[in-house]
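Work through the exercises below with the sequence and the structure in view. Each task is followed by its solution.

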Amino acid sequence: MTRERLFNALLLAGLVLVPLAAQAADEPFTITLATRAVILALAAVGLNIALGLGGLVSLGHAAFFGIGGYAMGILASHAQSYAPLAEWPILIEGTKSMPVIWLVAILASGLAALVIGALSLRTSGVYFIMITLAFGQMFFFFTISWAAYGGEDGLSIYVRNGFPGLNTLAPLPFYGLCLVLLCAALWLFDRLAKSPFGLALGAARQVPARVAAVGLDPTRLRLVAFVISGAITGLAGALFADLNRFVSPAMLSWQMSGEIMVLVILGGVGRLFGPVAGAVVYVTLEHLLGGITEFWHIFLGLILLGIVLFARGGIVGLVAGRGGGHD
Amino acid sequence: MTEPILATRGITKAFGALTASDDISIDLRPGEIHAVIGPNGAGKSTLIAQICGGLAPDAGQVIFGGQDVTGLATPARARMGLARTFQISALAMEDTVLQNVLLGALGASGRVWRFLRPALKDRALRERAEAALARVGLADHARTRTAELSHGQRRQLEVAVALTLRPRAFVMDEPMAGLGAEGSKQLTGVLDGLRAEAPILLVEHDMDAVFALADRISVLVYGRVIETGSVETIRNSPAVREAYLGDPA
């Protein structure tokens, strides 16, 4: 077993054992923290498909995160007010069912990624960063002015949504759901990375001219990666809103995009467990240092500086040594 | 005369006041190696870019397989069987040698939209890729990271990737660039064996290789083809000597 795989296994074991221990010690807040870390990790796994595999530096992923969040907020708010979402041409009612909400979140954010990607992928480099940022801001300001769903104040949900056969109101079962979804996303990432599609996508990141010369369209490969990426981040957004029982435009802010990207860079761009390591460290720091000072981001900044200057492979890269990921 | 597989008909391309391609008509017939030579700045790279689809000509057409492909993008031309190699190796350096040839096999087979099964487990693709590696003498390096290959091995890999496409024509942009005498000799042997499979349009600076391989040579100077003919014709042409070989005698 390589050091990276050992590290991944330990990290996963920690994600299983720590909340169980917290449950035994009757410390539900620790479980909530762990849930936050797992959901952010899921969002970052989504970004890692675009950024790590495809080399697409998207500063607009908060849009997908927020669309997932609003998918949950809108459906649940209609369910709790018993007002249908639409009566014509067909009757659409709100729902408190997580599987339905997840599906809607995935489809809506995937569709948004398709539109944003189709337009943004005509550019590359700094222009791509700027245009994804611009689209993110468009969605952000749209939600701010969307009075029907809370505008600037956002939407509150009184009771967490349900999952068949589980008591999602208790912290541990909800955590379990989030962890299972994270594992599914990691499995998908691993499969994608090794698949023919992943091989071609990786080549399109390194030498687009070569990819075109063997008969493949680099832009189309990137677009598919961007859609999968956005859909996973959207799913994370629905879970995030469910965790807080609240969704607001803050989920779509450009700072949120930056935060998701920081998780990936902190953990290791292109590494399978990079986003997970990044999210665990981020949430831990946020909790520990956030208790000492409001300005804990200063320390995060220093750590990020250290990573970028001395450990381009991020935390996982530091542990695993050479090979596997990339800068 | 047999129908040419690849031909340009009067293609012209200007960058501002500079005419990089001036009414160029050349063709590539089955079974031949047609070399294009010319001094630096003669417009060889511009010509290749127009043939492969990277640049659109201002006027004229590119005909491939009897079809006008002037309006087609690079990937579409590649799928029709036009395989190119790059002057500066364009390889995925982080990937293994095998992955680089697999990429070629993927492009040619259209089996790229597979998301869950590892590429290395597709036997048909793998065999195709490994056969191409064996052809250029890189079979022992399949699992090597491409960044660790020597310059000469990278040049061989360039040819191997083109081979996986099982092309109807090769366009090679200075395949010998930067190779020593030994490497150049070896690659010359490989290319010599390829012409039976598909003809090669060969842009090359290495004159020994060109004279050893070419069935026909076209000489490009300031964007114009000043002469096309056999090795003997070109060697003895006064115009070529004056313009290119820089030998007034």
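**Exercise 1.** State how many helices and strands chain B has.

Solution. Helices are DSSP runs of H or I with at least four residues, and strands are runs of E with at least two, numbered from the N terminus. On this basis chain B has nine helices and eleven strands. The model is predicted: local features need pLDDT of at least 70 and side-chain atom pairs pLDDT 80 or more, while totals for chains, interfaces and linings use all residues. Residues are numbered from 1 along each chain as its sequence is written, and side-chain values use heavy atoms, without hydrogens and water.

**Exercise 2.** Compare the radius of gyration of chain B with the globule rule.

Solution. The radius is taken over C-alpha atoms, and the rule is 2.2 Å times the number of residues to the power 0.38. For 249 residues the rule gives a value near 18 Å; chain B has 18 Å, so the two agree. Along the principal axes, the C-alpha atoms fill a box of roughly 60 × 40 × 40 Å.

**Exercise 3.** Find what share of chain B is buried.

Solution. Buried means under 20% relative accessible area, with a 1.4 Å probe and protein chains only. Of the 249 residues in chain B, 53% are buried.

**Exercise 4.** Describe the domains of chain B.

Solution. The bounds come from an automatic or database domain assignment. Domain 1 of chain B covers 1–81 + 168–249, and domain 2 covers 91–166. Their contact (heavy atoms within 4.5 Å) takes 16 residues from domain 1 of chain B and ten residues from domain 2 of chain B. Taken over C-alpha atoms, the centres of these two domains are 26 Å apart.

Notes. Chains lettered and ligands numbered in written order. Buried < 20%, exposed > 50% of the residue type's maximum accessible area, 1.4 Å probe, protein only.
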